[in-house]
Amino acid sequence: QVQLVESGGGLVQAGGSLRLSCAASGRIYSINRMGWYRQAPGKQRNLVAVITSGGSTNLADSVKGRFTISRDNAKNTVYLQMNSLKPEDTAVYYCNADLYESDYVFKNYWGKGTLVTVSS
């Protein structure tokens, strides 16, 4: 079994910054893609940013130029640096990972989420 544990959420004023972290632990052989999704109240969960094991990234248009995703493969950790935060960034942010538990067992995992609240 694998656990994804997010941290770094909280309350911040508009224009401020936060850095989210997500550490994967447990039965991990290798991790392919890691990413962040968010879900605002009453809305569906949407992709924010993803990063491959090789470092290629893809960000939602709404966060380009403000958010940066990075990862530390040695620590099985992915980060989301969020700058110039806006009230519309308020959501629960979920970590997601595609990983191998062995050389033939491939699964997708979700973290429990961390709340980001941006006040105006």
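Biologist: Which residue does the disulfide join to Cys-22?

Modeller: Quick caveat before that: this is a predicted model, where local features need pLDDT of at least 70, side-chain atom pairs count only at pLDDT 80 or more, and totals for chains, interfaces and linings use all residues. Residues are numbered from 1 along each chain as its sequence is written, and side-chain values use heavy atoms, with hydrogens and water left out. Now the idea: a disulfide is a covalent bond between the sulfur atoms of two cysteines. The criterion here is a pair of cysteine sulfur atoms within 2.5 Å. The structure holds one disulfide, and it joins Cys-22 to Cys-95 with an S to S distance of 2.1 Å.

Biologist: Why is the disulfide of Cys-22 and Cys-95 called left-handed?

Modeller: Because the torsion about its S-S bond is about -80 degrees.

Biologist: Is Cys-22 buried or exposed?

Modeller: Go by relative accessible area: buried is under 20%, exposed is over 50%, and partly exposed is in between, using a 1.4 Å probe and protein chains only. Cys-22 is buried at 0%, and Cys-95 also comes out buried at 0%. Ser-21, in strand 3 (residues 18–26), is buried with a value of 17%.

Biologist: Which residues is Ser-21 in contact with, leaving aside neighbours within four places in sequence?

Modeller: Contact means heavy atoms within 4.5 Å. On that basis Ser-21 meets Val-5, Glu-6, Ser-7, Trp-36, Val-78 and Tyr-79.

Biologist: How many aromatic pairs does the structure hold?

Modeller: Rings of Phe, Tyr and Trp (its six-membered ring) pair if their centres lie within 6.5 Å; planes under 30 degrees apart are stacked, over 60 edge-to-face, and the rest tilted. The structure holds three such pairs. One of them, Tyr-37 with Trp-110, is edge-to-face, at 5.0 Å centre to centre and 65 degrees between the planes. Tyr-37 lies in strand 4 and Trp-110 in strand 10 (residues 106–110), so this pair ties together parts 73 residues apart in sequence. Tyr-37 is buried at 14%, whereas Trp-110 is partly exposed at 38%. Tyr-100 and Phe-106 have ring centres 4.8 Å apart and planes at 55 degrees, so that pair is tilted. Ring pairs also link Tyr-37, Tyr-94 and Trp-110 into a cluster.

Biologist: What volume does the largest pocket have?

Modeller: On a 1 Å grid over the protein atoms alone, a pocket is an open set of points with protein on both sides within 12 Å along at least five of seven lines, and lining residues have an atom within 4 Å of a point. Points are joined across faces, edges and corners, and the volume is the space filled by probe spheres set on them. The largest pocket comes to about 170 Å³. Its lining includes Arg-38, Gln-39, Glu-88 and Thr-90, and strand 4 (30–39) and strand 5 (46–51) each supply at least two of the lining residues.

Biologist: Where is Thr-90 found?

Modeller: In the loop between strand 8 (77–82) and strand 9. Thr-90 is partly exposed, at 21%. Not counting residues up to four places away in sequence, Thr-90 touches Ala-40, Val-116, Thr-117 and Val-118.

Terms used: 1 Å grid on protein atoms, 1.4 Å probe; cavity = no way out; pocket = protein on both sides within 12 Å on 5 of 7 lines; lining within 4 Å. Helix = DSSP H or I, 4+ residues; strand = E, 2+ residues; numbered from the N terminus.
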